[in-house]
Structures are given as structure tokens and as C-alpha cells.
Amino acid sequence: MKKLFAILAVASIMTACTNADSDKPADAKAADTTKNPAADAAKIADTANKMMEAAKDTGSKMMNAVKDTVNKMMDKAGDKMKEAGDKMKEAGNKAADKAKEAVKH
């Protein structure tokens with residue numbers, strides 16, 4: 001998961017940098033050199049943090065869904081095993097009753 005978050009952060013930074021330069025006309029690009037690059041870096045870091053949080057939330061939701069599915073499957077399997085055990089117990093009781101009847105005669 002850490003690698004995924006790192007890849008998403010790098011991709012978001014690259015996308016933000018690419019989109020920031022392509023949306024402005026040529027005159028605006030020349031004027032951008034006088035702006036504070038630290039502010040741009042902070043905006044990019046904030047965007048990356050938001051994307052990381054969104055990815056983390058999505059991953060958490062996915063894992064919760066998987067956990068719920070596995071729990072349901074285990075409950076169903078437990079119910080099936082209980083039913084099979086009950087059937088075996090009934091069959092054993094019938095066989096024991098037949099054996100008792102056979103011994104009496």
C-alpha cells in the first residue's frame with residue numbers, strides 16, 4: 001500500500017505541474033516566474049495529501065467489504081457444518097436403535 005500511495009503522490013504532483021503550465025497563456029507563464037514557488041509547492045503537497053487520504057479511505061472501505069464477505073462466508077460454512085453434524089448424529093442414533101432392536105430379538 002505504501003508503494004501505491006507513493007506512486008499516486010508522484011503522479012498527482014506531475015499532473016498538477018503539467019496542468020498548471022498548460023492552462024496559462026504565454027504572457028502569464030512569463031509573469032509566473034516572479035511568484036513564490038513555495039506557495040505552489042504547498043498547494044501541490046496539499047493536493048497530494050488529499051489524494052492520499054482519499055486512497056486510504058477507499059482502501060479501508062475495500063478491506064472492510066472483504067472482511068464482511070469473509071465473515072458471511074464463514075458463518076454459512078459453520079451453519080452447513082452444523083447441519084451435517086446434526087444429520088450424522090441422527091443417522092448414528094438410528095443405527096444404534098436398530099442395533100439395540102437386533103440384539104433384543
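A residue is called buried when its relative accessible area is under 20%, exposed when this is over 50%, and partly exposed in between (1.4 Å probe, protein chains only). The structure on screen is a predicted model, in which local features need pLDDT of at least 70 and side-chain atom pairs count only at pLDDT 80 or more, while totals for chains, interfaces and linings use all residues. Residues are numbered from 1 along each chain as its sequence is written, and side-chain values use heavy atoms, with hydrogens and water left out.

Begin with the whole chain. Its secondary structure consists of three helices and zero strands, where helices (H or I, at least four residues) and strands (E, at least two) are DSSP runs numbered from the N terminus. Of the 105 residues, 7% count as buried.

Next, select Glu53 and Lys56. These two residues form a salt bridge, and their closest N and O atoms are 3.9 Å apart; the term requires a side-chain nitrogen of Lys or Arg within 4 Å of a carboxyl oxygen of Asp or Glu. A search of the whole structure finds one such bridge. Because Lys56 and Glu53 are three residues apart in helix α3, about one helical turn separates them. Glu53 is partly exposed at 43% relative accessibility, and Lys56 is partly exposed at 46%.

Now select Asp75, Asp79, Glu83, Asp86 and Glu90, which form a negative surface patch. For such a patch, residues with over 30% relative accessible area and no salt bridge are taken, and like charges are joined within 9 Å.

Definitions and conventions. Patch = residues over 30% accessible without salt bridge, like charges linked within 9 Å, V, L, I, M, F, W, Y side chains within 5 Å. Areas by Shrake-Rupley, 256 points an atom, 1.4 Å probe, with all protein chains shown as cover. Lys, Arg positive; Asp, Glu negative; His and termini not counted. Charge placed at Lys NZ, Arg CZ, Asp CG, Glu CD.
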